[in-house]
Amino acid sequence: GFSTKKRAEDGICRLALDAPNRVQQRSISASRLESMKQEAKLARDWGKKVKDDLHFQQGNVKALAKDTLQSKTWGGPNYRHVAPNVAQSTEYQRNMTAMDALRCDISVKQDAVEKAMREDYRSVRNTRADTSVSSLSGWLEKYGRPNREAEPQERYRTTPFKQRRIPFLGVSEAKTLRLGAGIWSQRSETDLLGSFYFRSKG
């Protein structure tokens, strides 16, 4: 799908994309999704069946009331109501059993996914830092460059402003940076002063 395609294109996410534990998680999740679709279809079909049976039984009850009233007259009624279908309860029981089986199957698969995710988180926490990379250029070469390039039209990346020209002296060597919105945020109480702080997860 789209999510898998985006992760495959990312230099870091693709490293663990085809790891055995991740493949197992996706397989169990896909199987759980199919079971949920089956459960939804069974519930939809069963709901339609119950609605049709309810409509029929309402008409049957009205016919029984009329037949009961006419039974007090001479000659007796022309019975219009019918006895309940004996096989109907068996069909209902079979549908209930099928839904219970699907519910248990979905629950088991959900537990398996959560267990696999807990083990995955544990392995990530125990992962040691990559000591084979000692520079930013080496890191970019191994994991790939970011999709957002440091260009003037890209607001999330920090880019240098054009160097100012000093009268009679030429271009200034000083460089002013426009801080990217990806990791920097402007302080609300000093918006006009241009003061920034580093974004944190909190």
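Buried means under 20% relative accessible area, exposed over 50%, and partly exposed in between (1.4 Å probe, protein chains only). The model is predicted: local features need pLDDT of at least 70, side-chain atom pairs count only at pLDDT 80 or more, and totals for chains, interfaces and linings use all residues. Residues are numbered from 1 along each chain as its sequence is written, and side-chain values use heavy atoms, with hydrogens and water left out.

**View 1. Salt bridge of Asp 52 and Lys 48.** A salt bridge is a side-chain nitrogen of Lys or Arg within 4 Å of a carboxyl oxygen of Asp or Glu; here the N to O distance is 3.4 Å. Both residues lie in helix α2, four residues apart, about one turn of the helix (helices are DSSP runs of H or I, at least four residues, numbered from the N terminus). Asp 52 is partly exposed at 41%, and Lys 48 is exposed at 56%.

**View 2. Salt bridge of Arg 22 and Asp 120.** The N to O distance is 2.5 Å. Arg 22 belongs to helix α2 and Asp 120 to helix α3, so the bridge ties together parts 98 residues apart in sequence. Arg 22 is partly exposed at 26%, whereas Asp 120 is buried at 8%.

**View 3. Aromatic pair of Trp 46 and Tyr 92.** Rings of Phe, Tyr and Trp (its six-membered ring) pair if their centres lie within 6.5 Å; planes under 30 degrees apart count as stacked, over 60 as edge-to-face and the rest as tilted. The count is one aromatic pair. Its ring centres are 6.1 Å apart and the planes stand at 75°, so the pair is edge-to-face. Trp 46 is in helix α2 (residues 20–70) and Tyr 92 in helix α3 (residues 86–125).

Methods. Helix = DSSP H or I, 4+ residues; strand = E, 2+ residues; numbered from the N terminus.
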